[in-house]
Amino acid sequence: MNGLVVENFSIAYGKRRVIHEVSLPELPRGSVTALIGPNGAGKSTLLRAIAGLERFTGSVWLDGRTLDKQSATERAKHMTYMPQQLPPGIALSVMESVVAALRVVEGGPRSSEDCIEQAYHALERVGITDLADRLLNRLSGGQRQLVALAQLIARRPDVLLLDEPTSALDLHYQLKVMDCVRDMVREHNLVALIVLHDINLAARHADRLVVLRQGVLVADGAPAHILKPAMLADVYGVQARVEACSMGHLQVQVDRAI
Amino acid sequence: MSVSSYCLASADGTAAESATLGLQYRRQILRRTLLVLGLAVMLCLSVLIDLSSGPSGMGLARLVEGLFDPSILQLTERVIVWNVRLPYSLMALLVGAALALAGAEMQVILDNPLASPFTLGVSSAAALGASLAIAFPLTLAWFAPSLQITVFAFVFAFGSVLLLQAMSRLRGAGTESLVLFGIALVFGCNAVVSLLQLLATEDVLQQLVFWTMGSVARADWNKLSLLALVLAVVMPFSLRASPRMTLLRLGEDRARSFGVDVRRLRFASLMRISLLAATAVAFVGTIGFVGLVGPHIARLLVGEDQRFLFPASALVGALLMSLSSIASKLILPGVIVPVGIVTAFVGVPVFVMLVFKRGKQL
C-alpha cells in the first residue's frame, strides 16, 4: 500500500470534540487531495494533527508503516507542513531561511555547498530566485508564503501538508503555486493534502476532494463526482451551479446564499 | 525515491545563477563573521580605555607595565590595578555578555522583542532576595552577610526563571501569558522590596537602596571566575541550539513540523537563561536594559541567524557595559556612579523607541 492513510481520527479540545472518527480514503502517491469545507469544519485541525502538531486518537500510515509512535523529528523526515498563519518576517534573508530549514534535517545535506544547492533548487522551483538575498521582513505576505513553500520543498519530503498555501497570493501566483505543487507531486511521486477555501482552485488542481463539515467527513472522490449543487447546498448553504468552462475545467457559480 | 531525483536538470544558465546566489550567500556569512570579529576588537579597545580611566589618574602605559611586572607598582597602585580596575572592567564585560545573551535567548523563546531578564522580573526577584538577606541577615558563622546577599539574590533570580518555566509548561499558556506573568512578577517583587524599605532602619535602608543600583564595585576575583565559568559553559550550548532557535523564529508550528522539539528547546534555553541572568544579577545587582537593548543592536548588525546573533549579542552587551563603566567614571569627577544608573539612562530612550516601533508594526 503506497500512500498516506488516516484512520479513525478524533480530536478534542477539552470536552469539545472537533474531529469525529474521520478516516480519509487512501491518498496514493503521485496524487493531490484537497480538503474543503466551510469555516470551522476542522480542516486545519485535521491537517495539523496529521503533521503531529495536535493530540489525536487514531492512526497515520505512510507506505504501510505507522507513524503513530514516531517522534516529531522522525515524522518531519517524511512530512512537511505549511501553516496558514505565517509570522511577520524577521531579519533573515530568503536564502538563509531556506538553508536554516535544511540544517536541522537529520540525514539531510551535510556540507554548506549541498545546502546552498538544494536551497537554490527550491527557490527556482517556486520561481523566487530573484528574492534570494532579500530580508523576510521586507517581503509581502504573498512573497513570504512562497518562501515558506520553498522551505518545505527544499527538505524533499514524501508528504506535503499545506494549509491554505494560496491565501495571500494573487491570481498569477495562485495558479503557479498549485501547478508547481501538482508537478512536483507527479514527478517525485509524493502525497499532497491541501486545505483550500477556493473550490474552483481545488477542482482544477486536485485529483480528489475530501469534504469536511463540523468535524465529520461528508464526501470524498473525484471533483466531478463531488461537486454537485446538492452537496454545495447541504455543506456550504449556497445555491450554486457547477459548469465546465470552455477549457474543460469545472467551475462553481454561486447564485445566492440559502 | 532517491533524494537526488528532486534536483532539476540544471541548464548552463541555471548553474551560473546557482553559483552567483551561492557566492552572495557566502559573502553574507563572511560579512556577519567580520562584524562579530569587529565587535570583539571594539570590546578590547573599550576595555583598555575602561582600565586606563579612574579617579586615581593612573594611565594605560603604567597599568600595562604593572600587569606584566607587578613588582614595579607601589602597593596602592597594585591595589588599584588588581582589586579595582581589572575586576571592575572584567565584571562589566562579563555581566554585559551574560545579560545580553540571556536577553537574546529570551526574546526568541518568548517570541517577544521586549523580553529580557530585567523586563520579565529576574532582576526584581534578585533584588527581593538580596533585600531579604539585607533586612533579615542569618547569624551563621560560616555564612558571611555579603555571601548571604549574593546567594539569596541568585536563588530568587533562579527561582523566578523556574516559575516562568513552570508557567510555560502549563497547558494553554502562550508566550503572551508568560510575558504578562513576568510583568506581574516585577510589580510583585518591587512591592515587597518597597515594603522592606519602608520598615527598614536607616542603615539597612541605605544598603537596600544601594543594592538596587547595580554596581560593578561588588566585583572580586571569585565572582569573576564563577561568572566566566558560567558563560564558558553556557555559550557552547547556546551556539549548538542556535540553528533550531533560528527555526523557532520562523514560527513555532513550522519549527515543530521541521522536527524541532520546541518544548525541550525552550526548557534548555530557560535553564541557560536562569544560570546567566541569576549569576550576573546576583553579583552586581539590578542592571537595566543591557539584556534588552544588546540583542536589538546585535540584530540590526548581523540579522537573525542565531549562530551569529548569540555571540554578537554577548559582545554588544559586553561593549555597552564596558562603555557604561567608562561613562560612570566620567560623569562626576572623582566619583564612580553605579553603572546600573548609566545603563538605565541609555536604555530608557532605546526601550521607548522599541515600544513605539513595535506599536507601528501591530
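**Exercise 1. Work out the handedness of the crossing of α3(A) and α4(A), and say which residues meet there.**

Step 1: Helices here are DSSP runs of H or I with at least four residues, strands are E runs of at least two, and both are numbered from the N terminus.

A quick word on the model: it is predicted, so local features need pLDDT of at least 70 and side-chain atom pairs 80 or more, while totals for chains, interfaces and linings use all residues. Residues are numbered from 1 along each chain as its sequence is written, and chains are lettered from A in the order in which they are written.

Step 2: take the axes, which are lines fitted to C-alpha atoms over the stretch in contact, with angles from 0 to 180 degrees between N-to-C directions. Those of α3 (residues 94-103) and α4 (residues 112-126) of chain A come within 9 Å and cross at roughly 120°. That makes α3(A) oblique to α4(A) (under 35 degrees is roughly parallel, over 145 roughly antiparallel, 65 to 115 roughly perpendicular, the rest oblique).

Step 3: list the contacts (C-beta atoms, placed from the backbone, within 7 Å). A:M95, A:V98, A:V99, A:L102 and A:R103 of α3(A) meet A:C115, A:I116, A:Q118, A:A119, A:A122 and A:L123 of α4(A).

**Exercise 2. Find how α3(A) crosses α8(B), and which residues make the contact.**

Step 1: the axes of α3(A) and α8 (residues 221-249) of chain B come within 9 Å, crossing at roughly 125°. So α3(A) is oblique to α8(B).

Step 2: this crossing is left-handed. A:A100, A:A101 and A:R103 of α3(A) touch B:P243, B:T246 and B:L247 of α8(B).

**Exercise 3. Count the residues that each chain gives to the contact, and find the element with the largest share on the side of chain A.**

Step 1: chain A gives 33 residues and chain B gives 34.

Step 2: on the side of chain A, α3(A) has the largest share, with six residues.

**Exercise 4. Is B:V155 buried, exposed or partly exposed?**

Step 1: B:V155 has 17 other C-beta atoms within 10 Å, so B:V155 is partly exposed (20 or more means buried, 12 or fewer exposed, in between partly exposed).

Step 2: B:A282 is 127 residues from B:V155 in sequence, yet the two are 8.6 Å apart, C-alpha to C-alpha.

Conventions:
A crossing is left-handed if the near helix is turned anticlockwise from the far one by less than a right angle, and right-handed if clockwise. Two residues are in contact if their C-beta atoms, placed from the backbone, lie within 7 Å.
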